[in-house]
Structures are given as structure tokens and as C-alpha cells.
Amino acid sequence: MARSALLNVMVQAALKAGRSLSRDFGEVQNLQVSLKGPSDYVSQADRKAEEIILGELSRARPTYGVLAEESGEEKGTDGQHRWIVDPLDGTTNFLHGIPLFAVSIALERQGEIVAGVVYNPAMDELFTAERGNGAFVNDRRMRVAGRRTLTDCVIGTGVPHLGRGQHGKYLIELRHVMGEVAGIRRMGAAALDLAYVAAGRLDGFWEESLSPWDLAAGILMIREAGGFVSDRDGGGRMFEKQNIVAGNERIHKELMSVLKRPAN
Ligand code: IPD
Ligand code: CA
Ligand code: CA
């Protein structure tokens, strides 16, 4: 598997931030028992990971713009390129000692995602994709799962939490989907969920209220692994609509139609 120089920069940044997160994850588990809890520590780990990533990326391409969860948007002098970064996706898992979290880095060129990296340091799994060059987990090529009926499928989702999303609407969707599928998973790290769809581990995925840094790298991975992604209206405006539905061509279509069902 040949990686471009740009993808290599992204991989090195993700691995370096991943090493920092791994060290901090070990410490979080010690802090769980303390009265104050580890949340301040986790925010620091999150910010530190972002600094490492942005440091590596800007050293390699100082003119590119950046959209990063912790530090926000910074326009570059190069108007064509933008890095989209989530230094720690799955913060709640990280905080609770659950090893399902990831670094997510994507590169956008003229509004199109052209490269993506999702790295789960706890499992040392590196998911990568470049437009036109396929998607890989470590060195293995990824393909979306080939299941053809929802009854055989395991579908990932994100449950809206306190103060976020429309809980009533979500419960209706969940009721409809759970009546059609083999299983539903809520893993707690959207970037990783999308990588798992690309890897064929999840047959499909849907979630609302997501940000570009949750979505960007995973969208490219699913496309490069032969899958389909859209917003809830079937278009390609996932960033603006802040939602996503994913799967292979058939499962994506079936999931879309189940999600559109009226309440009763
Ligand atoms: C969150 C995770 C989670 C999703 C949330 C995201 P964060 O990202 O991806 O799975 O349900 O909506 O905000 O805050 O851990 O980076
Ligand atoms: Ca996130
Ligand atoms: Ca985050």
C-alpha cells in the first residue's frame, strides 16, 4: 500500500497524538477513583493532542487552513486546502476508561475530502483513505460489508445525550430500526463508527448533530471502501445538515426508508 507524502504527514500526526492520548488514558484510569474525577485531566489531554496534531500538520504545510474542534477555524493563505481535526473523538469513553476513542484527521481540497485518517491508539488500529486509492485498516484493504437485508445487519448509531438533539424523534427512529435489524450498537465515537462501516464491521450507521470533524475522514473511508453516505435527505450536505446515513448501496437505501417512516 503506497501512501502519498500528505497522507504520511497525517498518519505521523495521528500516531504522535495517539501516543500522547495513550499515556493520558493510562493516567485517567488511576484518576477515576479521585473525588474530583478526571474531567479536567481529559480536557488537557484533548487539547494536548490537538496541539501535537496541528504542530505536525502546520510544520509540513504551513499555508493550509484548519478547522479543529478545540481551537476552531483558522483560514490559511492557501485558499484550496483545509485540515479538519478531531483530536479526541469518543471523549466520554476516554473519560470512563473505555478504550473506544480515536484521533480523526481529514484533508479537504476545494471543498472535497481527499484524505482521511482515523487512529484508535488503545487498539493500535489505523484507518486510512485517499480519494481514488482505496481505504485501509493498518495494511489491509477495507470493503464495506456485503449484507443485503436489514435483518442480517448490525447498525451503529449515536444516541443524543443531555441537552443535544431531539430525543423524542430519535426514539421513534430507534423503534423503527430495532424492529428490522439483527442488532444496534452505540459505541460512542462517531469517527470510529464510520471507520467500522468502511471496514465492514458495522453494516450501516446513522446519527444526527454531528460536526465536520466527526464526519470528514470517515465519509471518505466509506466511499473508498465502496459504500454510500448521505445526509438525511439523501443529498451530500452532511456538514451543513450535521447528520449522516451510511452503508452499502442497498443497506443505505433500506435504512433511509426505515428512518423516514412516520411515527406510527
Ligand atoms: C462525540 C462522539 C459521539 C457522538 C457525539 C460526538 P466527541 O464526539 O463522536 O459518538 O455521539 O455526538 O460529539 O465529543 O467525543 O469528540
Ligand atoms: Ca467528535
Ligand atoms: Ca473531540
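Student: Into which domains is the chain divided, and what separates their centres?

Tutor: In this predicted model, the chain is divided into domain 1, residues 5–141, and domain 2, residues 150–259. Taken over C-alpha atoms, the distance between the centres of domain 1 and domain 2 is 21 Å.

Student: How many residues does the contact take from domain 1 and from domain 2, and what area is buried between them?

Tutor: The contact draws 35 residues from domain 1 and 21 residues from domain 2. Carbon and sulfur atoms give 69% of the area buried between the two domains, and that area is about 2,100 Å².

Student: Which residues of domain 1 lose the most area to domain 2?

Tutor: On the side of domain 1, three residues together account for 26% of what that side buries. The residues that lose the most area there are Asp89, Ile113 and Phe127.

Student: How many salt bridges and how many residue pairs in polar contact are counted between domain 1 and domain 2, and which element gives the most to the domain 1 side?

Tutor: Between domain 1 and domain 2 the count is one salt bridge, and there are seven residue pairs in polar contact, with both residues at pLDDT 80 or more. The elements that give two or more residues to the side of domain 1 touching domain 2 include E1, E3, strand E4 (102–109) and strand E6 (125–130). The element that gives the most to that side, with seven residues, is strand E5 (112–120).

Student: How far apart are the closest N and O atoms in the salt bridge that Arg201 forms with Glu125?

Tutor: A salt bridge here requires a side-chain nitrogen of Lys or Arg within 4 Å of a carboxyl oxygen of Asp or Glu. Arg201 and Glu125 form such a bridge, and their closest N and O atoms are 2.6 Å apart.

Student: What are the protein donors of the calcium ion (ligand 2), and why does the pair Asp86 and Asp214 tie together parts apart in sequence?

Tutor: The protein donors of the calcium ion (ligand 2) are the OD atoms of Asp86, Asp89 and Asp214, lying 2.1 to 2.3 Å from the ion, and along the chain they follow the spacing D-x2-D-x124-D. Asp86 lies in strand E3 whereas Asp214 lies in helix H6 (residues 212–224), so the pair ties together parts that are 128 residues apart in sequence.

Student: Are Asp86 and Asp214 buried or exposed?

Tutor: Buried means under 20% relative accessible area. Asp86 has a relative accessible area of 0%, and Asp214 has a relative accessibility of 7%. Asp86 is therefore buried, and Asp214 likewise counts as buried.

Student: How do Glu69 and Leu88 compare in what relative accessible area each has?

Tutor: Glu69 is partly exposed, with a relative accessible area of 33%. Leu88, by contrast, is buried, and its relative accessible area is 1%.

Definitions and conventions: Residues numbered from 1 in each chain as written. Chains lettered and ligands numbered in written order. Predicted model: local features only at pLDDT ≥ 70, side-chain atom pairs only at ≥ 80, totals over all residues. Heavy atoms only, no water. Buried < 20%, exposed > 50% of the residue type's maximum accessible area, 1.4 Å probe, protein only. Domains from an automatic or database assignment. Contact = heavy atoms within 4.5 Å. Buried area = accessible area lost by both parts, 1.4 Å probe. Polar contact = N/O pair within 3.5 Å; in protein donor to acceptor, adjacent residues only side chain to side chain. Helix = DSSP H or I, 4+ residues; strand = E, 2+ residues; numbered from the N terminus. Donors = N, O, S within 2.8 Å, 3.2 Å for Na, K, Ca; no water.
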